[in-house]
Amino acid sequence: EVEKIWIKITSLSLTESRIAADETIQQLFVECRLNSFLAEETPLSLPKPIGGQRIHYNYSTVLSVDKEDNHAEREYLKSILLKPDLPADSLKFTVVSDPPEDEQDLECEDIGFAYVSLKEIFQKQRDIIEQDID
């Protein structure tokens with residue numbers, strides 16, 4: 001039995017016209033975070049998609065949750081199921097603006113967020129596969 005959580009960031013499209021119009025936002029990457037156990041980001045930042053297009057990261061990462069080696073992760077996931085209102089029961093995805101090479105004095109800036117509820121996945125016992133997340 002394979003005990004893993006597989007997270008894949010396939011692509012990104014923007015619906016927020018304010019971001020599309022912002023000249024300072026040119027390159028984007030996506031960070032994925034689960035409490036303190038997982039903080040990963042797409043290795044590439046890609047040019048901002050325009051006019052309803054998608055940019056494709058095709059990035060994936062795996063969080064192992066087997067009994068032997070990942071006890072803390074298992075306990076955390078168990079607590080998600082057992083505690084009714086644990087605030088951090090979601091995977092958090094952050095879209096980050098990466099400043100261009102020639103403007104390194106600019107900071108990376110978080111421009112959008114999306115959440116996937118692990119509790120919901122566990123309760124429904126259904127993975128989220130090939131779905132858009134707002």
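Predicted model: local features only at pLDDT ≥ 70, side-chain atom pairs only at ≥ 80, totals over all residues.

You will find Asn 35 in the loop that joins strand 2 (27–34) to strand 3 (38–41). Its side chain makes a polar contact with the side chain of Tyr 76, at 3.4 Å. Asn 35 also sits 8.3 Å from Asp 89, C-alpha to C-alpha, although 54 residues separate the two in sequence.

Now for the empty space. Rolling a probe the size of a water molecule over the atoms shows where such space is left. The largest pocket has a volume of about 1,700 Å³. Its lining is made up of 48 residues, and those nearest its centre are Lys 8, Phe 93, Val 116, Ile 128 and Ile 133. Strand 1 (4–12), helix 1 (17–21), helix 2 (71–82), strand 6 (90–98), strand 7 (109–117) and helix 3 (118–124) each give two or more residues to this lining. Strand 1 provides the largest share, with 9 residues. By class, the lining of the largest pocket holds 25 nonpolar, 15 charged and 8 polar residues.

What about the second largest pocket? Strand 7 and helix 3 each supply at least two residues of its lining. Among the lining residues are Tyr 115, Ser 117, Glu 120, Lys 124 and Arg 126, along with Val 116, Ile 128 and Ile 133. The lining of the second largest pocket has 5 nonpolar, 5 charged and 2 polar residues.

How values were computed:
Residues numbered from 1 in each chain as written. Heavy atoms only, no water. 1 Å grid on protein atoms, 1.4 Å probe; cavity = no way out; pocket = protein on both sides within 12 Å on 5 of 7 lines; lining within 4 Å. Points joined across faces, edges and corners; volume = space filled by probe spheres on them. Helix = DSSP H or I, 4+ residues; strand = E, 2+ residues; numbered from the N terminus. Nonpolar A, V, L, I, M, F, W, Y, C, P; charged D, E, K, R; others polar. Polar contact = N/O pair within 3.5 Å; in protein donor to acceptor, adjacent residues only side chain to side chain.
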